[in-house]
Amino acid sequence: MTADRTVRMFGGGAGELTAPAKSPTALEAMRLAKRYRGTWALRDCTMSVPAGRVVALVGPNGAGKSTFLHLVAGLIAPTRGSVRVFGEPVGQRAAALARVAFLAQDKPLYDGFTVAEMLRFGHHLNPGWDDTLARQRLAELDIPLNRKVGKLSGGQQAQVALTIAVAKRPDLLVMDEPLANLDPVARHDVMRSLMAAVAETQMTVVLSSHVVSDLTNACDWLVVLNRGQVQISGEVDELLAAHRMVSGPAELADGMAARMPVISDSRRERQADLLVRTGPGTPLHDPRWRASGVSLEELVLAYLRRPDTTALPRPTLTTT
Amino acid sequence: MIKLRLDPSSGVATYLQLVHQVKHALRLGVLMPGDRLPTIKEVVSDLAINPNTVAKAYRELEHEGLVVGRPGLGTFVRRSLGGGSTADHSRLRRDLAQWVRGCREAGLDQGDMEALFASVLADSVQEGIA
């Protein structure tokens, strides 16, 4: 429990992780699609996420986030395409499902149960249950085991649900809007607690949210779903490094826009502000233009307003 | 043990903010050789940031030879930063404190002093290059 990531990086594993991540790919969707009656909730969704990442799945309401997460957890079957978790097709083998924990939006707790009873329930249902981990986490969070779940605060309920998911010792934890309906303090507490669990277990996490600012420092991989399709999938640092807000004279904006892909274009009388995708370190030769970095939130909003643009890894980056 | 913090409005990448803070602590002697840095779990459960970000910062510090990761024990400071002896530091600190008093008497506020210091520093760097 005291093991340090730095140490494990050099020591080659402290033996805590029972299932070694042989495949460096945690999650792989190939042309994944889901239709409910006449409507496509997800269309032609292809992406690949390396193991050990904390993935932010963002997009407007109705973009297909929940559908995607349910497909990954094997709770529903795809209409077309496939999804693999650590190389195993989802929903075909119980062993593959045991590696995934799913935390639904409406926290799956029983109000009439005490916290201790919820733990026994989790223990009973999950062969790989880590009871020591569960009890230690709840003790650190000062959540009394004899309290009825219904009597806990919203933040504490979220922590109990997270604890149960983590005690399953999954290699992939899937969370649908884990921060919805929580106040800012509880949101921060849940994220702190989740990050500690990631440091301890090195599991891969996929969590959806429509509040990007909550995820900025916690997630290192971004997937943006829009209108049922993947619009962005990539490492957060790389995405931020590859985008710039450039500001300069409006009369030169067309020339600038012709040189690199423009994601957002805002022009006033004299000044133009373009959010552009640049190569790493592409210089702006013209001193009349100023370039500045963008925040994750600005980046996501700019793309969501332009559903026809994408930022997906080049084929060379996705190999193994 | 030092406590790492974040400035969300700084625009500086999170891992670099951590690197800068450790270096700053090394320069000021807040961290000394042999001291242990907080574990990755300690940092992330404090700041709610991604463990990979902390690992990246610690790797960078290790790469620069400032810290060393000892398996099972943690990450430790290997050497301190900053030139000059401790005696030099205390003398220069006294001189600077006197300079600050002089500035205050002349009616300069903190922003004026920072700007003046930065400009003199920049001039001296320029002279050094030329």
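Which residue of strand 5 of chain A stands opposite A:Arg84? In this predicted model, where local features need pLDDT of at least 70, side-chain atom pairs count only at pLDDT 80 or more, and totals for chains, interfaces and linings use all residues, the residue opposite A:Arg84 is A:Pro89. Residues are numbered from 1 along each chain as its sequence is written, while chains are lettered from A and ligands numbered from 1 in the order in which they are written.

**Sheet**
- Strands (DSSP E runs of at least two residues, numbered from the N terminus) form an open sheet of four in chain A, with the order 2-1-4-5 and antiparallel pairing.
- Strand 2 (39–50) and strand 5 (88–89) of chain A are at the edges with a single partner strand each, so one side of each has no neighbour in the sheet.
- Strand 4 (residues 80–85) of chain A pairs with strand 5 of chain A in the antiparallel sense over two bridges; pairing requires at least two bridges found by DSSP.

**Domains**
- Chain A comprises domain 1 (5–235) and domain 2 (242–318), with bounds from an automatic or database domain assignment.
- Their contact (C-beta atoms, placed from the backbone, within 7 Å) takes 14 residues from domain 1 of chain A and 11 residues from domain 2 of chain A.
- On the side of domain 1 of chain A that touches domain 2 of chain A, strand 9 (221–226) and strand 10 (229–235) of chain A are the elements that give two or more residues.
- Strand 10 of chain A supplies the largest share of that side, five residues.

**Contacts of A:Val174**
- Beyond its neighbours within four places in sequence, A:Val174 is in contact with residues including A:Leu69, A:Val72 and A:Phe102.

Technical notes:
Two residues are in contact if their C-beta atoms, placed from the backbone, lie within 7 Å.
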